[in-house]
Amino acid sequence: MDNILDTLKAKYTYVTPRPSADHPAVNVPADRLREFATHLRDEHGYSMLLDVCGVDWDKEQPRFGVVYHFYHGARKLFLRVATLAPDDADPIVPSLADLYPSADWAEREAYDMVGVRFAGHPNLKRILMWEGYPYFPLRKEFPLAGIETELPAADTAAATGAKVISAPMMGGPFFAATEDKHHMSDAEPRANDQSWTEDKPKPGQRG
Amino acid sequence: MVSSTEFAYNSKVEGEIVVSQADAVVNWVRRHSVWPMPMGLACCAIELMASGGARFDISRFGMEVMRFSPRQSDCMIVAGTVTYKMAEVVRRIYEQMAAPKWVVAMGACASTGGMYRSYAVLQGVDRIVPVDIYISGCPPRPEALLDGMMLLQEKIRKEPGATGLFRPRPNEPVVVGAK
């Protein structure tokens, strides 16, 4: 395992090792990412791209990054490659969709959820949320309950008056209590703050 | 087995005529031929399928004819999580169903959004379609679904029949399992 890291470090000067609890991991600058992925695929046998995750590092600079997991089919090895998007206002990293076809949908999901754009992607549009949704839901400033906005279908909204609402959290998020609950029916999911429900308004708020 | 009480129509006593009200007959027919539109969106659909199987046998209530075309069905069983992206599809299918039509919200997600207090999930299908029966459970067992469908039958029995066909239908929810 270690000799892969050493090989990569010796061969490519822009690669820096990355702390990892499991698989070997490296940092690569965004402008060398395509070059590095091409080498990984053609020379080092990492034939498969398993996952592309967009990351929001919140307060850190640069704020947005992308983490890739590559797989060596013959030797059954994983390799984690992390990169950072230099511009916080418009995070862009190069697309790997033409090198690894599996990157296509994964990059669309990362774009949809975190808002990292992938330069050179053949069809970079939302994959989970609907077209025209104004937010990126997995960014740190986005609340879990969501933000009120228009329903994707104008005719349904006109007929029913329904909107995309901020979900009522009712003291949530919900979790299953496990300590000294020996029966499943006692360990039903419940909210941290049980003082307010659908019937009782939140303390200090008008119902 | 000999029974001393006559419950059913007896041709020897009543001849070949049954006297009833038109509304009662219409409602009796509707009640026993509810054709569901299986709007299976998540794991509740598995329980819905189990209800159609031999063990639970929804056909005992005349509801085994699951129609995948809204134009041939009476009752939309919303079985599962309705996302905002799917909401327009649910609404459009509901609109294509011929009146009289009913909606059953099966399970926690369809009734209230359930555990998905989230930016992506519609917080209850009653925001876009009028729901007649809410069934609790995550997912509800087939018995709970059958209980809900029997409550729906009871609701249809009390409806004003043909006279109310083209009037806007009041939305009076019945909650299965409510005390």
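Start with chain A, which reads α-β-β-α-β-β-β-β-α-β-α-β-β along its sequence. That gives 4 helices and 9 strands. Helices (H or I, at least four residues) and strands (E, at least two) are DSSP runs, numbered from the N terminus. The model is predicted: local features need pLDDT of at least 70 and side-chain atom pairs count only at pLDDT 80 or more, while totals for chains, interfaces and linings use all residues. Residues are numbered from 1 along each chain as its sequence is written, and chains are lettered from A and ligands numbered from 1 in the order in which they are written.

**Chain A as a whole**

Zoom out. The C-alpha trace of chain A spans about 65 × 50 × 30 Å along its principal axes. Its radius of gyration is 22 Å, whereas a compact globule of 207 residues would have one near 17 Å. This radius is taken over C-alpha atoms, and the globule rule is 2.2 Å times the number of residues to the power 0.38. Of the 207 residues, 22% count as buried (20 or more other C-beta atoms within 10 Å of its own; 12 or fewer is exposed, in between is partly exposed; C-beta atoms are placed from the backbone).

**The sheet of chain A**

Select the open sheet of 5 strands, in the order β1-β2-β5-β4-β3 (chain A), with mixed pairing. Strands pair if DSSP finds at least two bridges between them. The edge strands are β1 (16-17) and β3 (48-56) of chain A. Now follow β3(A) to β4(A) (residues 64-72): 8 bridges join them, and they run antiparallel. Within this pair, Leu49(A) stands opposite Phe70(A).

**A loop residue**

Pick Tyr133(A), in the loop between β7 (117-119) and α4 (154-160) of chain A. Is Tyr133(A) buried or partly exposed? It is partly exposed, because 19 other C-beta atoms lie within 10 Å. Its C-alpha atom is separated by 9.1 Å from that of Leu151(A), 18 residues apart along the chain.

**Crossing to chain B**

Show both chains. The contact takes 14 residues from chain B and 21 residues from chain A (residues are in contact if their C-beta atoms, placed from the backbone, lie within 7 Å). The chain B side divides into 6 nonpolar, 3 polar and 5 charged residues. Here Ala, Val, Leu, Ile, Met, Phe, Trp, Tyr, Cys and Pro count as nonpolar, Asp, Glu, Lys and Arg as charged, and the others, Gly among them, as polar.

**Strand β3 of chain B**

Select residues 102-106 of chain B: in this strand, β3, 5 of 5 residues are buried. Trp102(B), Val104(B) and Met106(B) point one way, and Val103(B) and Ala105(B) the other. In a regular strand the side chains alternate between the two faces of the sheet.

Ala79(B) has Met106(B) as its bridge partner. On the other pairing, β3(B) and β4(B) (residues 133-135) are parallel over 3 bridges. There Val104(B) partners Ile133(B).

**The core**

Finish with the largest nonpolar core, of 44 residues. Such a core is a set of buried Ala, Val, Leu, Ile, Met, Phe, Trp, Tyr and Cys residues joined through C-beta atoms within 7 Å. Ile77(B), Val78(B), Val104(B), Ala105(B), Met106(B) and Val125(B) touch the most other members. Apart from this core lies another, of 30 residues, including Phe36(A) and Val66(A).

Technical notes. Contact = placed C-beta atoms within 7 Å.
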